[in-house]
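Please keep the structure open as you read.

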Amino acid sequence: MGKLNILDHPLVKHKITLLRSKHTDVQLFRQLMQELSMMLAYEATRSIPVEKKICETPLMQAEAYMISTEKLAIVPILRAGLGMVDGLLSFMPMAKVGHIGLYRDHESLLPVEYYCKLPENISDMEVFIVDPMLATGGSVAKAIDIVKQKGAKHIRFLCVVSCPEGVECLQKAHHDVEIFTCALDKGLNEKGYILPGLGDAGDRLYGTK
Ligand code: PRP
Ligand code: URA
């Protein structure tokens, strides 16, 4: 079963409280989303492979370790996932970025695909799928289906707010995918919104409502 990692850090708790507040404006919301994404990136990259190198210090040769930066791929689920990309890129500036466009049908709550562009060699890469909200789990499960169809094998999912329904759905659909989240909330309301949640992440990021 894909491990669930809930970030337990005072800075995360503080920032997510500000993010949830209905009094937080678009500008601060974007900034907080980026900062929380950096913290998720820090945790989610703990287990990526490193290669042994030799480094010349001013004094001597040293055994050193580096990441294969060309093997990192960030894949946001549009639209709200875009709000997390810069946070991850600040730690992994050489990463490739793919995009998957999905929206939830308001009636069925099922994801509808409208765009997909992924790095060519994604099958060899460490893939970080990002979306702030894990609600029913339908969107991320579909996004992972898509990257797996292209051959991806090493996949992690990073989200800011999750709930038990979404975690269960994702763990059932893709037991090999590790999940990193800043908060595990109570559950979903009848419209598929996370409670207490933060509302509609896309609308809050882009000021569309
Ligand atoms: C939101 C969110 C996720 C999805 C989560 O996107 O960003 O992609 O809902 O819900 P699920 O776990 O039940 O699938 P939305 O469909 O509102 O599209 P948007 O990002 O374009 O606003
Ligand atoms: N998508 C959102 O943006 N928010 C939710 O609470 C659920 C799905």
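Helices and strands here are DSSP runs, numbered from the N terminus, with a helix (H or I) needing at least four residues and a strand (E) at least two. With that in hand, the loop between strand E13 (194-195) and helix H6 (201-206) is the place of Pro-196. A cis peptide bond joins Leu-195 and Pro-196, with omega about 0 degrees.

Before going further, some housekeeping: this is a predicted model, in which local features need pLDDT of at least 70 and side-chain atom pairs count only at pLDDT 80 or more, while totals for chains, interfaces and linings use all residues. Residues are numbered from 1 along each chain as its sequence is written, chains are lettered from A and ligands numbered from 1 in the order in which they are written, and side-chain values use heavy atoms, with hydrogens and water left out.

A cis peptide bond also joins Leu-78 and Arg-79, where omega is about 0 degrees. Arg-79 is found in the loop between strand E4 (72-78) and helix H3 (82-91). For another backbone detail, turn to Leu-109, a residue other than glycine with a positive phi near 65 degrees. Leu-109 has its place in the loop between strand E6 (99-104) and strand E7 (111-117).

Rings of Phe, Tyr and Trp (its six-membered ring) pair if their centres lie within 6.5 Å; planes under 30 degrees apart count as stacked, over 60 as edge-to-face and the rest as tilted. By this rule the count comes to 2 aromatic pairs. In one of them, the ring centres of Tyr-103 and Tyr-114 are 6.1 Å apart and the planes stand at 35 degrees, so this pair is tilted. Because Tyr-103 lies in strand E6 and Tyr-114 in strand E7, the pair ties together parts that are 11 residues apart in sequence.

Now to the ligands. Which residues come nearest to ligand 1? Of the 13 residues around ligand 1 (a heavy atom within 4 Å), they are Arg-104, Asp-131, Thr-136, Gly-137 and Ser-139. E6 and helix H4 (138-149) each supply at least two residues of this shell. By class, the shell has 5 nonpolar, 4 polar and 4 charged residues; Ala, Val, Leu, Ile, Met, Phe, Trp, Tyr, Cys and Pro count as nonpolar, Asp, Glu, Lys and Arg as charged, and the others, Gly among them, as polar.

The table gives polar contacts of both ligands, meaning pairs of N or O atoms within 3.5 Å.

| Ligand atom | Protein atom | Distance |
|---|---|---|
| ligand 1, oxygen | Ala-80, polar backbone atom | 3.1 Å |
| ligand 1, oxygen | Asp-131, polar side-chain atom | 2.4 Å |
| ligand 1, oxygen | Ala-135, backbone N or O atom | 2.9 Å |
| ligand 2, oxygen | Ile-194, polar backbone atom | 2.8 Å |
| ligand 2, nitrogen | Gly-199, polar backbone atom | 2.8 Å |
| ligand 2, oxygen | Ala-201, backbone N or O atom | 2.8 Å |

For ligand 2, the protein covers 88% of the 240 Å² that the ligand has on its own.

Methods. Polar contact = N/O pair within 3.5 Å; in protein donor to acceptor, adjacent residues only side chain to side chain. Areas by Shrake-Rupley, 256 points an atom, 1.4 Å probe, with all protein chains shown as cover.
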